[in-house]
Amino acid sequence: RCSESGIAERHHGVCNNFLFGGSIRSVVYVSSIGLGVSGMVVVTVAILITLGIAGLAGCSMTMVTSILPTLIITVGILDLVHIIAAFQEGKRKAPTIPPVRLLTTCLAVVVVPCVFNTVTDAVGFMALTSAKMAAIRDLGWLAAVGLVSLLVSILVFVTPALVKYSK
């Protein structure tokens, strides 16, 4: 059951600044506006999915659960960086390989570690559901949902963007 207290302040300004700053850094890192924007889109989609599920479940934002957007960004963005970095490294090493073939080769290398990372993080956060405080329990299962939804969003939205925006 979701926690009943609605005493939390929402930290939209902090989250928006973090997203904006992170998207600028991602554009510089990946050297493509399209990939930088797609990275920002997947994070936003995962956060919206998580907060939407929380709303459907009747959870109210508390001081504890208000960290979900920042937590999803900081923990989940690693998979995005690994997939993009593997693709760019593959492109650098074998520039003549067609982008779709290069993507499948890179995904064969990095998907299993990314899925393993997400699953272990989700299981770790699900362990918080055994806490006595309702807000901590909510944080646990919502963080797990958020991280899994971010990985799915990355695989659905970023992998086509890698092919489309590859130079």
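The entries below cover cysteines, a threonine and a surface patch.

**Entry 1: model type.** I am working with a predicted model.

**Entry 2: cysteines.** I searched the whole structure for disulfides and found zero. Is Cys106 buried or exposed? Cys106 has a relative accessible area of 8%. I log Cys106 as buried, because the cut-off for buried is under 20%. Cys114 comes out at 4% relative accessibility. Cys114 therefore also goes down as buried.

**Entry 3: Thr50.** I placed Thr50 first. Thr50 sits in helix H2, which covers residues 33-56. Its relative accessibility is 1%, so I count Thr50 as buried. What does the side chain of Thr50 reach? I find the backbone oxygen of Ala46 at 2.8 Å from the Thr50 side chain. Next I listed the contacts of Thr50, leaving out residues up to four places away in sequence. Thr50 touches Leu68, Ile72, Leu142, Val145, Gly146 and Ser149.

**Entry 4: surface patch.** Which residues make the nonpolar patch of about 330 Å²? I noted Val148, Val152, Val156 and Phe157. I followed up on Val148. Val148 belongs to helix H5, residues 134-164. Its relative accessible area is 40%. I call Val148 partly exposed, because 40% lies between the 20% and 50% cut-offs. Patch residues need over 30% relative accessible area, so Val148 at 40% passes that cut-off.

Conventions
Residues numbered from 1 in each chain as written. Predicted model: local features only at pLDDT ≥ 70, side-chain atom pairs only at ≥ 80, totals over all residues. Heavy atoms only, no water. Patch = residues over 30% accessible without salt bridge, like charges linked within 9 Å, V, L, I, M, F, W, Y side chains within 5 Å. Areas by Shrake-Rupley, 256 points an atom, 1.4 Å probe, with all protein chains shown as cover. Salt bridge = Lys/Arg side-chain N within 4 Å of Asp/Glu carboxyl O. Helix = DSSP H or I, 4+ residues; strand = E, 2+ residues; numbered from the N terminus. Buried < 20%, exposed > 50% of the residue type's maximum accessible area, 1.4 Å probe, protein only. Disulfide = S-S within 2.5 Å. Polar contact = N/O pair within 3.5 Å; in protein donor to acceptor, adjacent residues only side chain to side chain. Contact = heavy atoms within 4.5 Å.
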